[in-house]
Amino acid sequence: TVPTNVANNYWLDVYFLPGNTQLGWVCGFNAATVRTTDGGNTWIWSRVTTSQNPMLESIHFVSPQIGFTSGPQGIWRSNDGGANWFDISPPNVQGSLWGCYFKDQNLGLVVGGGCGGPQLYYRTTDGGSTWSLFQGNEPQSGMCDLILDQASDTGYASSSGVIWQSTNAGQSWN
């Protein structure tokens, strides 16, 4: 059961850890996340700590302890299974952020922008301490989500009407 204080929340993404489907996380409106350690029978609430009340669009864990969640106002990391979150947002973000995906605890991406501006692909190789930026230029195509193949350097991202591909672990996109 979902805690009553968030039972009526709008939930936007769900992720269960491959290899251990007892561990799952959900994110959504009001900076809220919930996590389960028993395959969804019970859920524990936590909240991204921020002065804003962000909508969390995407959630992804690379281990039982290390995970990431993102939305228009930024990206956050948890080192304790989703109980607590801290801001690792790229500095001077040029637009809203949306989906995130991490190949491991260090290599990850978060996408944003589009719909009137460039598509933004922020990439980190140190778990969110520093970020590099690749920009796409597809008019009126907002970013949504992305994934990196665990066995190769191939990645895919979606934006309004466009599928993007990377063959170098997110350093560049076509």
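How many residues of strand E7 (residues 74–78) are buried? Five of the five residues in E7 are buried, and the strand is thus described as mostly covered; buried here means under 20% relative accessible area, exposed means over 50%, and partly exposed lies in between, with a 1.4 Å probe and protein chains only. The model is predicted, and local features need pLDDT of at least 70, side-chain atom pairs count only at pLDDT 80 or more, and totals for chains, interfaces and linings use all residues. Residues are numbered from 1 along each chain as its sequence is written, and side-chain values use heavy atoms, with hydrogens and water left out.

- Strands (E, at least two residues) and helices (H or I, at least four) are DSSP runs that are numbered from the N terminus.
- Within E7, Gly74, Trp76 and Ser78 point one way while Ile75 and Arg77 point the other way, and all are buried.
- In a regular strand the side chains alternate between the two faces of the sheet.
- Two strands are taken to pair if DSSP finds at least two bridges between them; strand E6 (residues 67–71) is joined to E7 by five bridges, and the two run antiparallel.
- A hairpin leads from E6 to E7 through two residues, and serine 70 stands opposite isoleucine 75 in E7.
- E7 is also joined to strand E8 (residues 86–87) by two bridges, again in an antiparallel arrangement, with arginine 77 opposite phenylalanine 86 in E8.

- With contact defined as heavy atoms within 4.5 Å, and not counting residues up to four places away in sequence, isoleucine 75 touches a set of residues including Phe86, Leu97, Cys100, Phe102, Val110 and Trp131.
- The C-alpha atoms of isoleucine 75 and leucine 56, which are 19 residues apart along the chain, are separated by 8.7 Å.

**The salt bridge**

- The structure holds one salt bridge, a term that requires a side-chain nitrogen of Lys or Arg within 4 Å of a carboxyl oxygen of Asp or Glu.
- Aspartate 153 forms this salt bridge with lysine 103, and the closest N and O atoms are 3.8 Å apart.
- The pair links distant parts of the chain, 50 residues apart, with aspartate 153 in the loop between strand E13 (143–148) and strand E14 (155–159) and lysine 103 in the loop between strand E9 (97–102) and strand E10 (108–113).
- Aspartate 153 is partly exposed, at a relative accessible area of 41%, whereas lysine 103 counts as buried at 17% relative accessibility.
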